[in-house]
Amino acid sequence: MRRIENGNQVEYARERRIAERAVHRASILTKRAVTLTPSYWASSPVSPCPSRKLSNGEISKSDASPVTAADFAAQALLISAIHGAFPADSFIGEEDADSLRQDPLLAIQVFDFVRQYANVKFYPADGQPVFPDDEEELYTPSSIEEMLHIIDLGGRGKGGQTGRFWALDPIDGTATFVKGQQYAVSLALIEEGKEVVGVLGCPNLKLPEDGSLVTETSVDHDSVGLLLSAVKGQGAWVRPMGWEGSKLRVAQPIDSLHRHDQAPLQLSELHFIDSSISTATLSDKVHKIAAACRVSSPFTELYSSHVRYIALILGGREAVQVRFPRHSSQLKKASMCIWDHAGAQLIYTESRNGKGKVTDLYGKEIDFGTGRKMSGNWGILTCDESVHSQLLELVGQMLEEEVSR
């Protein structure tokens with residue numbers, strides 16, 4: 001959707017602004033939820049559902065990852081805000097509402113979260129223009145049944161190569177979320193299988209002032225972290241998020257935070273971002289690639305997929321990520337979920353002034369139009385374009401050696 005700003009037509013302007021407000025609202029909810037005391041959860045009604053846990057309101061899922069009441073509530077807020085503004089768009093999200101239907105008391109708890117953050121207000125920074133969608137009230141479900149339906153719009157969404165849909169992860173990194181470490185709230189608009197708008201909220205993250213890298217424990221205890229966004233072909237921006245009722249800080253181009261070195265980037269200068277505890281990928285292969293590059297710096301370990309992208313986005317051009325799926329490349333079985341990557345990849349490429357590159361491990365462009373899983377690709381390579389072909393060559397040599405054994 002185009003809008004006139006400063007005399008110019010700006011494509012996806014309304015989508016970006018609504019998505020930013022939706023992510024900001026969901027980020028506040030999750031930040032408030034993680035600070036709730038154990039006594040709050042202990043005083044909540046407990047259902048006899050055998051899958052229910054009581055630590056920070058978690059329940060267990062079939063894939064063994066924790067899902068919190070805040071996770072469901074954040075998904076309801078994200079989808080309802082977008083669905084209210086763009087009713088023709090569809091969604092892909094991680095959660096469906098089946099667990100809530102089986103546990104009515106948990107559903108009540110989730111709905112209570114949703115209603116508490118129904119009317120979060122923000123105000124423009126001094127001297128900044130006010131657009132109609134800045135004052136437009138974000139839609140919120142008015143009943144438990146409507147909330148369950150809205151959550152299912154994401155959990156049962158299919159995606160595809162045609163039309164528009166939004167991919168979202170209400171809390172990416174639930175295992176670190178419940179520890180008070182880094183996690184992300186993600187939302188991305190996909191059109192004809194391509195990212196066109198991406199928004200990430202990282203409620204626990206401070207903007208490194210000294211050029212230091214993102215870490216799990218560099219937590220913003222005083223506010224709501226950072227919001228990053230991008231629009232295809234228009235650039236990427238970052239701003240601090242404040243609590244409800246605060247004035248919005250002016251976003252700055254992410255590219256302005258980077259050094260613009262002219263010297264060639266050497267493989268030995270690379271800094272690898274990884275998660276060795278991930279059950280989906282193989283870190284030993286990443287260490288072999290790093291050894292082949294003769295890197296000297298230690299890896300940065302981050303659990304959340306989107307937070308790893310944020311480390312790449314805010315880090316220097318030497319920051320790189322290589323993700324080897326655990327399954328064989330010959331099986332062509334998709335293991336990567338679209339919501340773990342959509343939006344963040346767009347912010348990365350837009351923030352790098354055209355010099356950031358994301359492909360799979362065969363050099364193919366990432367296809368976001370293949371449904372809930374990224375079945376058109378195998379693995380991920382995220383790096384500066386100047387070293388992309390060299391890293392692909394090293395990956396190819398490793399794969400050929402494995403096949404020949």
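The structure is a predicted model. Its protein chain contains 12 helices and 16 strands. Of the 405 residues in the chain, 55% count as buried. The chain exposes about 17300 Å², and carbon and sulfur atoms supply 51% of that area. Among contacts in the chain with a separation of 6 or more, 73% are made by residues 24 or more positions apart.

In soluble globular proteins, nonpolar side chains tend to be buried together. In this model the largest nonpolar core has 55 residues. The residues with the most contacts inside this core are L78, I82, L100, V110, M147, W166 and L187. Two or more core residues come from each of the helices α1 (13–34), α3, α5 (104–116) and α7 (144–155), and also from each of the strands β6, β7 (184–191), β8 (194–202) and β9 (226–231). Helix α3 gives the largest share, 12 residues. A second, separate core has 40 residues, including V214, V307, A311 and F368.

Aromatic rings come next. A pair of aromatic rings is described by the distance of the centres and the angle of the planes. The model holds 5 aromatic pairs. In one of them, F86 and W166, the ring centres are 6.1 Å apart and the planes meet at 25°; planes under 30 degrees apart count as stacked, so this pair is stacked. F86 lies in the loop between α3 (69–85) and β5 (90–93), while W166 belongs to strand β6 (residues 164–172), so the pair ties together parts of the chain that are 80 residues apart in sequence. Both F86 and W166 are buried. W166 is also one of the residues with the most contacts inside the largest nonpolar core.

Another pair joins F272 and F299. Their ring centres are 5.4 Å apart and their planes are at 15°, so F272 and F299 are stacked. This pair links distant parts of the chain, with F272 in strand β12 (residues 271–274) and F299 in the loop between α9 (283–293) and β13 (300–301), 27 residues apart. Both F272 and F299 are buried. Elsewhere, F324, Y362 and W378 form one aromatic cluster.

Helix α11 (residues 344–351) shows how covered a helix can be. This helix is mostly covered, with 7 of its 8 residues buried. The buried residues are A344, Q345, L346, I347, Y348, E350 and S351. Just after α11, N353 takes a positive phi of about 55°.

Most residues other than glycine have a negative phi, and most peptide bonds are trans. Y12 is not a glycine, yet has a positive phi of about 65°. R294, also not a glycine, has a positive phi of about 60°. Y12 is found in the loop between β2 (8–11) and α1, and R294 is placed in the loop between α9 and β13. Are these two residues buried or exposed? Y12 has a relative accessible area of 8%, and is therefore buried, as this is under 20%. R294 reaches 69% relative accessibility, which is over 50%, so R294 counts as exposed.

The cysteines complete the picture. A disulfide is a covalent bond between the sulfur atoms of two cysteines. How many disulfides does a search of the whole structure find? The search finds 0. For a disulfide, the two sulfur atoms would have to be within 2.5 Å. C383 is buried, with a relative accessible area of 1%. C202 is buried as well, with a relative accessible area of 0%.

Technical notes: Residues numbered from 1 in each chain as written. Predicted model: local features only at pLDDT ≥ 70, side-chain atom pairs only at ≥ 80, totals over all residues. Heavy atoms only, no water. Phe/Tyr/Trp six-rings, centres within 6.5 Å; stacked < 30°, edge-to-face > 60°. Helix = DSSP H or I, 4+ residues; strand = E, 2+ residues; numbered from the N terminus. Buried < 20%, exposed > 50% of the residue type's maximum accessible area, 1.4 Å probe, protein only. Contact = heavy atoms within 4.5 Å. Areas by Shrake-Rupley, 256 points an atom, 1.4 Å probe, with all protein chains shown as cover. Core = buried A, V, L, I, M, F, W, Y, C linked by side-chain atoms within 4.5 Å.
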